[in-house]
Amino acid sequence: MRFTKADTVFAGLVLATAASWWLGEGAVVSGQSLGTAATLAVLALSVFKGALIALDYMELRTAPALWRRVVMGWLGVVIGLILLVGLLPRA
């Protein structure tokens, strides 16, 4: 059986989703919650998944550079805003 690139990308997305779920459900290492580290890891996995979807499923890898920059820039802005809101002091 031969795997295509789409199969490999799909497997990567499934593994990243499983890892995000595990971290989001409160992964515990040595009896302590991962907290902020888990949140940052989930955000990093989100960037990874978003890039795979945009570049491979939306076929932006072969699209004009402007489209890649716009979509990847949008992804960066969204993740940046999430990080910014997370850093704001809570009332």
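**Figure 1. Overall view of the predicted model of the protein chain.** Of the 91 residues in the protein chain, 20% are buried. The coordinates are those of a predicted model. Three helices and two strands make up the secondary structure of the protein chain, and their order along the sequence is α-β-β-α-α. The radius of gyration of the protein chain is 16 Å, whereas a compact globule of 91 residues would have a value near 12 Å. Along the principal axes, the C-alpha atoms occupy a box of roughly 45 × 35 × 15 Å. The accessible surface amounts to about 6,900 Å², and carbon and sulfur atoms account for 71% of it. When contacts between residues at least 6 apart in sequence are considered, 57% of them join residues at least 24 apart.

**Figure 2. Confidence of the prediction along the protein chain.** The mean pLDDT of the protein chain is 89, and 91% of the residues score at least 70. Among the elements, helix H3 (residues 65-87) has the highest mean pLDDT, 94. The lowest mean, 63, belongs to strand E2 (residues 32-33).

**Figure 3. Close-up of the salt-bridge network of Lys5, Asp56 and Arg61.** Salt bridges link Lys5, Asp56 and Arg61 in a network, and the count of salt bridges comes to two. In one of them, the side chains of Asp56 and Lys5 meet at 3.9 Å, N to O. Because Asp56 lies in helix H2 and Lys5 in helix H1, this pair ties together parts that are 51 residues apart in sequence. The side chains of Asp56 and Arg61 also form a salt bridge, with an N to O distance of 3.1 Å.

Figure 4. Asp56 is part of helix H2. The relative accessibility of Asp56 is 18%, so this residue counts as buried, the cut-off being under 20%. With neighbours within four places in sequence left aside, Asp56 is in contact with Lys5, Val9, Ala51 and Arg61.

**Figure 5. Close-up of the nonpolar surface patch.** At least two residues of the patch come from helix H1 (5-24), and at least two from helix H2 (36-57).

Figure 6. Val71 belongs to helix H3, the element with the highest mean pLDDT in the protein chain. Apart from neighbours within four places in sequence, Val71 is in contact with Ala54 and Leu60. Lys5, a member of the salt-bridge network with Asp56 and Arg61, is 66 residues from Val71 along the chain, and the C-alpha atoms of Val71 and Lys5 are separated by 21 Å.

Definitions and conventions:
Residues are numbered from 1 along each chain as its sequence is written. This is a predicted model: local features need pLDDT of at least 70, side-chain atom pairs count only at pLDDT 80 or more; totals for chains, interfaces and linings use all residues. Side-chain values use heavy atoms; hydrogens and water are left out. pLDDT is the predictor's confidence in each residue, from 0 to 100. Helices (H or I, at least four residues) and strands (E, at least two) are DSSP runs, numbered from the N terminus. Contact means heavy atoms within 4.5 Å. Buried means under 20% relative accessible area, exposed over 50%, partly exposed in between (1.4 Å probe, protein chains only). The radius of gyration is taken over C-alpha atoms; the globule rule is 2.2 Å times the number of residues to the power 0.38. Accessible areas come from the Shrake-Rupley method with a 1.4 Å probe; for residues, only the protein chains shown count as cover. A salt bridge is a side-chain nitrogen of Lys or Arg within 4 Å of a carboxyl oxygen of Asp or Glu.
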